[in-house]
Amino acid sequence: MNLSDVALLVAAGLAAGTVNAVAGGGSLITFPALIATGLPPIPANVTNSVSVFPGYVAAVAGSWMDLSRGRQLWRLLPTAIAGTIVGCLLLLSTPARAFELVVPFLVLGATAVLAFQDPLRRLVGHPAHLSPRRRTVSVQAMVAIGSVYGGYFGAALGVMLVAGLALVLDTTLARVSAIKNLLSAVVGLTTLVVFALFGPVHWAAAAVVAPATVTGGYLGARLVRRLPPVVLKTVIVVFGTVIGLYLLSRALR
């Protein structure tokens, strides 16, 4: 890598860390940047997954005050780990083309779920009115789906997690975002371990991107706490729509 490559990756890491903490989808900044430095798609995807993990940790630190400390939250972590491992194995062992065509629709679908959260809640039932068992199963299912996606591709993982969790959790969007940050960090740590052992990671590029995502992730998480719920929801929906359309155009080329 030359100096221009390093500068590009630092700027991409700062932006991605901030975006991941606020809305999710920062990988769509770092992934093209890694491609631009000359990495092939699969090594770029693997390196990207490893690189953004420190930013997720910083986002958790920045949103720690909004995290609940109950057992229910921590019971989600094994599901996140298992789902991520499944996603990583899919990436390393299956052709990517079919999934590339499905991913845009998953992102756009998740964004639509968040955008039409209130009508959907009236249709499927408000979380406060669900039985404890049904609420637990719904949350675990959302985490499992998001984690498999995160292990395979990762871009817009935050959008998908916020959309799914906001539909089945009776809490504020800021608290949902904090839970999203914790789950994203768990997914990120799992992908780091799996790809470090079995994936084609470009460690020099990861070493440049990772520190930048830490600064961006912490600042983004602090920003979330200051945004009104309507503004935060609008930002996530707009960003998710842009990401989904970008991925769709990329997949259809």
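Start by selecting Ile 42: apart from residues up to four places away in sequence, Ile 42 touches Leu 91 and Pro 200. The model on screen is predicted. Ile 42 sits in helix α3. Is Ile 42 buried, partly exposed or exposed? Its relative accessibility is 36%, so Ile 42 counts as partly exposed. Ile 42 and Gly 199 are 157 residues apart along the chain, yet their C-alpha atoms are separated by 9.0 Å.

**Helix α3**

Select residues 41–51, which make up helix α3. How many of the eleven residues of α3 are buried? Nine are, so the helix is largely enclosed by the rest of the structure. The buried residues run from Pro 43, Ala 44, Asn 45 and Val 46 through Thr 47, Asn 48 and Ser 49 to Val 50 and Ser 51.

**Helix α9**

Keep α9 and hide the others. α9 has 21 residues, and the distance from its first C-alpha to its last is 31 Å, close to the 30 Å expected at 1.5 Å a residue. Colour its buried residues: Val 139, Val 143, Gly 146, Ser 147, Tyr 149, Gly 150, Gly 151 and Tyr 152. Then step just past the end of α9 to Gly 154, which takes a positive phi of about 95°.

**Helix α12 and its partners**

Next select helix α12, residues 203–224. α12 has 22 residues and reaches 31 Å from its first C-alpha to its last, close to the 32 Å expected at 1.5 Å a residue. Its buried residues are Ala 205, Ala 206, Val 208, Val 209, Ala 210, Ala 212, Thr 213, Gly 216, Gly 217, Gly 220, Ala 221 and Val 224. Two packed helices are described by the angle between their axes and the distance between the axes.

The crossing of α1 with α12 is right-handed. On the α1 side, the contact is made by Val 6, Leu 9, Val 10, Gly 13, Leu 14, Gly 17, Thr 18, Ala 21 and Val 22. On the α12 side, the residues include Ala 205, Val 208, Val 209, Ala 212 and Thr 213. By class, this contact of α1 with α12 holds 13 nonpolar, eight polar and no charged residues.

How are α4 and α12 placed relative to each other? Their axes come within 7 Å and cross at roughly 25°. The two helices are therefore roughly parallel to each other, and their crossing is right-handed. From α4, select Pro 54, Gly 55, Ala 58, Ala 59, Ala 61 and Gly 62; these meet Ala 210, Thr 213, Val 214, Gly 217, Tyr 218, Ala 221 and Arg 222 in α12. The residues of this contact of α4 with α12 are eight nonpolar, four polar and one charged.

**Ser 63**

Move on to Ser 63, in the loop between α4 (53–62) and α5 (71–74). Ser 63 has 4% relative accessibility and so counts as buried. Leaving aside neighbours within four places in sequence, Ser 63 is in contact with Ala 178, Asn 181 and Ala 221.

**Helices α10 and α11**

Now show α10 and α11, whose axes come within 9 Å and cross at roughly 130°. The two are therefore oblique to each other, in a right-handed crossing. Leu 157, Gly 158, Leu 161, Val 162, Leu 165 and Ala 166 in α10 meet Leu 173, Val 176, Ile 179, Lys 180, Leu 183, Ser 184 and Val 187 in α11. The contact of α10 with α11 has ten nonpolar, two polar and one charged residues.

**Last stop: Val 162**

End on Val 162, in helix α10 (residues 157–168). Val 162 is buried, with a relative accessible area of 1%. Which residues is Val 162 in contact with, leaving aside its neighbours within four places in sequence? They are Leu 114, Leu 173, Val 176, Lys 180 and Ile 236. Finally, select Leu 248 as well: Val 162 and Leu 248 are 86 residues apart in sequence and 21 Å apart in space, C-alpha to C-alpha.

Methods. Residues are numbered from 1 along each chain as its sequence is written. This is a predicted model: local features need pLDDT of at least 70, side-chain atom pairs count only at pLDDT 80 or more; totals for chains, interfaces and linings use all residues. Side-chain values use heavy atoms; hydrogens and water are left out. Helices (H or I, at least four residues) and strands (E, at least two) are DSSP runs, numbered from the N terminus. Buried means under 20% relative accessible area, exposed over 50%, partly exposed in between (1.4 Å probe, protein chains only). Contact means heavy atoms within 4.5 Å. Axes are lines fitted to C-alpha atoms, for helices over the stretch in contact, and angles run from 0 to 180 degrees between N-to-C directions. Angles under 35 degrees count as roughly parallel, over 145 as roughly antiparallel, 65 to 115 as roughly perpendicular and the rest as oblique. A crossing is left-handed if the near helix is turned anticlockwise from the far one by less than a right angle, and right-handed if clockwise. Ala, Val, Leu, Ile, Met, Phe, Trp, Tyr, Cys and Pro count as nonpolar, Asp, Glu, Lys and Arg as charged, and the others, Gly among them, as polar. The expected span of a helix is 1.5 Å times one less than its number of residues.
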